[in-house]
Amino acid sequence: MNQRLTSQIVKFSFSFLFCLGLLTPRFSHADSTAVAAAGAPAPAAAAAGGGDAVGGEAVFKANCKQCHAINDVVVGPALKDAHKRWPSKEKLAGFIKYPQKVIEGGNAYAKGLYDKYKQFMPNHDFLSDKDIDNVIAYVVKESENPTVAKDDKKIGPDTPEKGGDEGSGLLAPVIAILLVTLLVVIILLLVVINLVSKILSQKKEELNPDDIDQMDGSINWGTMFGHPLFKGVVAFIFVVMIGKVVFDQFYAIGIQQGYAPDQPIAFSHKLHAGMYEIDCNYCHTGVNKGKSATIPAANICMNCHNVIKTESPQIKKIWNAVENNQPIKWVRIHNLPDLAYFNHAQHVKVGGIECEKCHGPIKEMEVVQQHSPLTMGWCINCHRETVVKTEGNAYYDKMVEIHQANHGTNKLKVEDIGGLECSKCHY
Ligand code: HEC
Ligand code: HEC
Ligand code: HEC
Ligand code: HEC
Ligand code: HEC
Ligand code: HEC
C-alpha cells in the first residue's frame with residue numbers, strides 16, 4: 001500500500017509544483033513595467049577594470065541603446081562578451097571613441113565588423129574616459145547574465161537590481177523561496193509517510209481490520225480533498241493569486257512614471273523631433289483632431305525612408321512592415337485605465353498646452369518614457385492651477401463675464417469651467 005499512497009502523493013506533488021510553475025512566470029510580468037526605471041539606483045555590481053556598471057548603464061541608455069543590445073543584433077552587433085573579442089580594454093575603449101579611425105587604421109577585426117554591418121558607428125569622443133570605462137563595465141556585467149532571450153532578462157535572480165526601487169523585483173525571489181520551502185515540506189512529508197507505513201506494515205497483525213483496509217485501499221480522493229494539507233495548499237495558491245491581482249491593479253492604475261519599454265524599431269525622438277525638428281503633428285496626426293494623438297503608420301515613415309538610410313537594418317524593418325501590410329508593433333507607453341477619458345485636442349488645440357508640459361522633454365529622448373504620473377490627482381492639480389485661454393474664444397465670453405462679476409477676476413481656471421466634475425473625466 002505505501003507504494004501506492006506514496007506514488008499518489010508524488011504525483012500530486014508534481015502536479016502541484018507544475019501548477020505553481022505555470023503560475024510563477026506570470027508574476028514576472030509586472031517586472032517588465034519596472035525594467036526601465038532609468039537609472040534606478042542599483043547595487044554597484046562587480047565591474048571590470050574599475051569602471052562603474054551602474055553609471056555605465058546610464059551612458060549605454062543615452063548613447064548606445066539605439067544601436068546595441070546585449071543579446072541581440074540591433075543596428076550594431078550584440079555586445080555580449082564584446083570585451084573578450086578585443087585584445088585589451090584600452091583597444092576596445094579606443095574603438096568606442098573613434099571607431100572609424102580604428103577601422104580605417106587597418107585593424108582587421110574592426111574592418112571585418114564594418115564589412116558585416118556596413119555602417120560606421122559614430123565617434124564617441126564627447127564621452128569622458130570615465131564614461132567609456134563605465135559603459136565597458138556595464139557590458140562586462142551584462143555579459144555575465146546567463147539569460148539569452150530578451151524577455152528572460154527580467155526574470156530570475158537579477159531582478160531586484162533591475163527593478164530598482166519599484167519593489168516588484170522582490171517578488172520573484174520571494175516566490176522562489178516559497179517554492180523551495182514547499183518542496184522541502186513535501187519531501188519531509190513523503191519521508192514521514194514512508195516511515196509510518198513501514199512501521200505499520202511491520203505491526204500489521206496488531207491492527208484492526210478497518211485500518212488494514214484503509215492501508216491497503218486505493219487512495220480516497222474524498223478524504224484527500226478534505227485533508228488539511230490539501231486545504232492549506234489550495235488556500236495558499238488562492239492567497240498568492242489574489243495578491244497578484246491586487247499587485248497588478250496597482251500597476252494598472254498607471255503609476256508607471258519612467259516606463260520606457262523596448263520598442264521593435266529603435267526609433268529616436270531625439271533624432272527626429274529634436275535634431276531634425278520634425279513637427280510632432282507630422283507623425284501624431286490626431287493631436288489637434290480628437291481624443292488620441294495616434295501613433296504614425298509605417299507609411300508616414302516611408303515618406304522619408306524610401307530614400308533616407310535605406311540600407312539600415314532598422315529601416316528594413318519598416319519596409320517589411322509596409323510590404324507585408326503589417327503594422328509595426330509599437331509598445332504602448334501611456335495608458336489611462338478605461339474608466340478615464342482624456343482628449344488631446346481639448347488640451348493641445350483648445351487649451352494650448354505644449355506636449356512637453358505633460359510628456360516631458362520628448363525632443364531629448366532617445367527612447368520615450370512616461371514623464372508624468374497620469375494619476376487623477378495629477379489631472380486635477382493642473383485643472384486647479386491652469387488658467388483657461390479664453391481670449392479670442394467667443395465660447396467663453398459669457399462665462400468670463402459672469403466670473404468677473406462674481407469673483408472680480410477674468411482669470412478662469414479649468415476648475416471654473418467644470419474641470420473637476422467627475423463626469424467630465426469619467427464615462
Ligand atoms: C548609430 C549606431 C551605433 C551607436 C550609437 C553605437 N554603436 Fe557600437 N557599433 C555600431 C556598429 C554598426 C558596429 C559594427 C562596427 C562598425 O560597422 O562600425 C558597432 C560595433 C561596436 C562594438 C564592437 C562589437 C564587437 O562585437 O566587437 C562595440 C564594443 C560597440 N559598438 C560599443 C558601442 C558603445 C559602448 C556605444 C555607446 C557609447 C555604441 N557602440 C554606440 C553601431 C553603433
Ligand atoms: C517621425 C515621426 C514622429 C515624430 C516627429 C514624433 N513622434 Fe512621437 N512617436 C513616434 C512613434 C513611431 C512612436 C511610437 C514608438 C515610441 O514610443 O518611440 C511615438 C511615441 C510617442 C509617445 C509615446 C506614446 C505612447 O506609447 O504612449 C509620445 C508621448 C510622443 N511620441 C510624443 C511626441 C512629441 C511630443 C513629439 C514632438 C516633440 C513627437 N512625439 C514627435 C513618431 C514620432
Ligand atoms: C521627415 C522625414 C522622416 C520621417 C517621416 C521619418 N524619419 Fe526616420 N530618419 C530621418 C532622418 C533624416 C534620419 C537620420 C538619417 C541619418 O542618420 O543619416 C532618420 C533615421 C532613422 C532611424 C535610424 C536609422 C539608422 O540606422 O541610423 C530610424 C530607426 C528611423 N529613422 C525610424 C523611423 C520611423 C520608425 C519612422 C516613422 C515612425 C521615421 N523614421 C520617420 C527622417 C525621417
Ligand atoms: C494635458 C496633458 C497632455 C498633453 C498636453 C499632451 N498629452 Fe499626449 N497623452 C496624455 C495622456 C494622459 C495620454 C494617455 C491617454 C490615454 O491613455 O488615453 C497621452 C498619450 C499620448 C500618446 C499615446 C497615444 C494616444 O494618443 O493615446 C501620444 C503619441 C501622445 N500622447 C502624444 C502627444 C503629443 C504629440 C502632444 C502635443 C501635441 C501631446 N501628446 C500632448 C497627456 C497629454
Ligand atoms: C480631470 C479629470 C478627472 C476628474 C475631474 C475626476 N477624475 Fe477620477 N480619475 C481620473 C483619472 C485620469 C483616473 C485614473 C488614474 C488614477 O486612477 O489615478 C481616475 C480614477 C478614478 C477612480 C478609480 C481609482 C482607482 O483606484 O482605480 C475613481 C473611483 C474616480 N476616479 C472617481 C472620481 C470621482 C468620484 C470624481 C468626482 C469627484 C472624479 N473621479 C473626478 C480623472 C478624473
Ligand atoms: C497641464 C495641465 C493639465 C493636465 C495635466 C490635464 N489637464 Fe485637462 N485641461 C487642462 C486645460 C487648460 C483645460 C481647458 C481646455 C479648454 O480651454 O477647454 C482642460 C480641460 C479638460 C477637460 C474638459 C473640461 C471642460 O469642462 O470642458 C477634460 C475632460 C480634461 N481636461 C481631462 C483631463 C484628464 C482626464 C487629465 C489627466 C489624465 C487632464 N485633463 C490633465 C489642463 C490640464
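**Ligand shells and helix packing**

Mentor: Among the elements around ligand 5, H18 gives the largest share of the shell, four residues. Please keep in mind that this is a predicted model.

Trainee: Which elements supply at least two residues of the shell around ligand 5?
Mentor: Those are helix H18 (376–385) and helix H20 (422–425). The shell has 18 residues, and Ala-340, Thr-375, Met-376, Cys-422 and Cys-425 come nearest to the ligand.

Trainee: And how do the residues of that shell divide by class?
Mentor: Eleven are nonpolar, five polar and two charged.

Trainee: Moving on, how many residues surround ligand 4, and which are the closest?
Mentor: There are 20 around ligand 4, the closest being Ser-292, Ala-293, Leu-336, Cys-355 and Cys-358. Two or more residues of this shell come from each of helix H16 (344–350) and helix H17 (355–359). H17 provides the largest share, four residues.

Trainee: What is the make-up of the ligand 4 shell by class?
Mentor: It comprises eleven nonpolar, eight polar and one charged residues.

Trainee: Which residues come nearest to ligand 2?
Mentor: Of 21 residues around ligand 2, the nearest are Cys-280, Cys-283, Ile-333, His-334 and Cys-355. At least two residues of the ligand 2 shell are supplied by each of helix H12 (269–275), helix H13 (280–283) and H17. By class, that shell has 13 nonpolar, six polar and two charged residues.

Trainee: Now a change of topic: at what angle do H2 and H6 pack?
Mentor: Helix H2 (residues 53–63) and helix H6 (residues 129–143) pack at about 100°, and their axes are 7 Å apart. H2 is therefore roughly perpendicular to H6.

Trainee: Which residues make the contact?
Mentor: H2 contributes Ala-53, Gly-55, Gly-56, Glu-57, Val-59 and Phe-60, while H6 contributes Asp-131, Asn-134, Val-135, Ala-137, Tyr-138 and Lys-141. Six residues of this contact are nonpolar, three polar and three charged.

Trainee: Could you say what Val-135 is in contact with, leaving aside its neighbours within four places in sequence?
Mentor: Val-135 is then in contact with Gly-56, Val-59, Phe-60 and Cys-64.

Trainee: Finally, which residues of the largest nonpolar core touch the most other members?
Mentor: In this core of 24 residues, they are Phe-60, Ala-110, Val-135, Ile-136, Ala-137, Tyr-138 and Val-139. H2, helix H3 (89–97), helix H4 (99–104), helix H5 (108–117) and H6 each supply at least two residues of the core. The largest share, seven residues, is from H6.

Key: Residues numbered from 1 in each chain as written. Chains lettered and ligands numbered in written order. Predicted model: local features only at pLDDT ≥ 70, side-chain atom pairs only at ≥ 80, totals over all residues. Near = placed C-beta within 6 Å. Nonpolar A, V, L, I, M, F, W, Y, C, P; charged D, E, K, R; others polar. Axes fitted to C-alpha atoms, helices over the stretch in contact; angles between N-to-C directions. Parallel < 35°, antiparallel > 145°, perpendicular 65-115°, else oblique. Contact = placed C-beta atoms within 7 Å. Core = buried A, V, L, I, M, F, W, Y, C linked by C-beta atoms within 7 Å. Buried ≥ 20, exposed ≤ 12 C-beta atoms within 10 Å, placed from the backbone.
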